[in-house]
Amino acid sequence: MAVTMAPSSNETEKQRWDRNFADLLQELRVAQTGVQILFAFLLTLPFSSGFPKATDFQKDVYMVALMSAAFATALIISPVAFHRALFRQGRKPELVRYSHRMATSGLACMLVSMVSSVLLITDYVLHARWAVILTVVAAGWFLTFWAILPITHRNWADDDDKDGYVLDDAPVGVSSGTGADRDA
């Protein structure tokens, strides 16, 4: 989770949902840039001079990378479209919950696209054995930082930092990792 200033104890429910959505949008800006750059690269690849030399396997991997990048792009941008559809309807909790799911799914698709892209390029440049080894290492790297560490550290015992920062959006004095914020 992002490190944010500890919310005031008199934060209203509406303010908390607004803050949660703003935090989510900030996180998505980072992911959106990465997936758009990857997607743009993948869109231009078939038009490069070396692409006709690609094997059928490489073309199949390319299609997995391309389609998962397209799906990731749609999912990561979708909270904005969802927000437009629900604008001023007082449905921020629903918006935050569904946007969280869309963002998580988008990151999963982005992971598939990144790993597929690594496999595509390494298989094109190196021997197949090295391509598989490097792709497994890359997949492990992504999974470590995008899934394993966040999941295993969801309930850190000392969430409050000495500087007054909180590692999630639980109000000061409330145990983190429980309650409604877990779904937001």
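## Serine 113 and its surroundings

Serine 113 touches Leu38, Leu42, Ala65, Ser68 and Ala69, not counting residues up to four places away in sequence; contact here means heavy atoms within 4.5 Å. The residue has its place in helix H3, where helices (H or I, at least four residues) and strands (E, at least two) are DSSP runs, numbered from the N terminus. Serine 113 counts as buried because its relative accessibility is 0%. The term buried means under 20% relative accessible area, exposed means over 50%, and partly exposed lies in between (1.4 Å probe, protein chains only).

The side chain of serine 113 also reaches the backbone oxygen of alanine 65, at 2.8 Å. This is a polar contact, that is, a pair of N or O atoms within 3.5 Å; within protein, one atom must be able to donate a hydrogen and the other to accept it, and residues adjacent in sequence count only if both atoms are side-chain atoms.

## Basis of the model

The structure is a predicted model, in which local features need pLDDT of at least 70 and side-chain atom pairs count only at pLDDT 80 or more, while totals for chains, interfaces and linings use all residues. Residues are numbered from 1 along each chain as its sequence is written, and side-chain values use heavy atoms, with hydrogens and water left out.

## Two further serines

Serine 116 is found in helix H3 and is buried, with a relative accessible area of 11%. Its side chain reaches the backbone oxygen of valine 112 at 2.7 Å. Leaving aside neighbours within four places in sequence, serine 116 is in contact with Val61, Val64 and Ala65.

Serine 48 is found in the loop between helix H1 (13-44) and helix H2 (56-86). Serine 48 is partly exposed, with a relative accessible area of 33%. The side chain of serine 48 reaches the backbone oxygen of leucine 45 at 2.8 Å.

## Overall fold

The protein chain contains four helices and two strands, arranged along the sequence in the pattern β-α-α-α-α-β. Of its 184 residues, 33% are buried. Among contacts between residues at least 6 apart in sequence, 71% join residues at least 24 apart.

Arginine 97 and asparagine 20 are 77 residues apart in sequence, and their C-alpha atoms are 9.7 Å apart in space. Arginine 97 counts as partly exposed because its relative accessibility is 28%.

## Annotated transmembrane regions

The unreviewed UniProt entry places the feature "transmembrane region" at residues 28-49, 61-82, 103-122 and 128-149. UniProt positions are given in the numbering used here, feature names are shortened, and annotations may be inferred rather than shown by experiment.

Over residues 28-49, the chain is 77% helix and 0% strand, with end C-alpha atoms 34 Å apart. Over residues 128-149, the chain is 100% helix and 0% strand, and the end C-alpha atoms are 30 Å apart.

## Surface and nonpolar patch

The protein chain exposes about 11,300 Å², of which carbon and sulfur atoms supply 66%. Accessible areas come from the Shrake-Rupley method with a 1.4 Å probe; for residues, only the protein chains shown count as cover.

Phe41, Ile121, Tyr124, Val125, Leu126, Trp130, Ile133, Leu134 and Val137 make a nonpolar surface patch of about 810 Å². The elements giving two or more residues to this patch are helix H3 (92-125) and helix H4 (128-152). The largest share, four residues, comes from H4. Patches are made of residues with over 30% relative accessible area and no salt bridge: like charges are joined within 9 Å, and nonpolar side chains (Val, Leu, Ile, Met, Phe, Trp, Tyr) within 5 Å. A salt bridge is a side-chain nitrogen of Lys or Arg within 4 Å of a carboxyl oxygen of Asp or Glu.

Isoleucine 121, one of the patch residues, lies in helix H3. Isoleucine 121 counts as partly exposed, at 37% relative accessibility.
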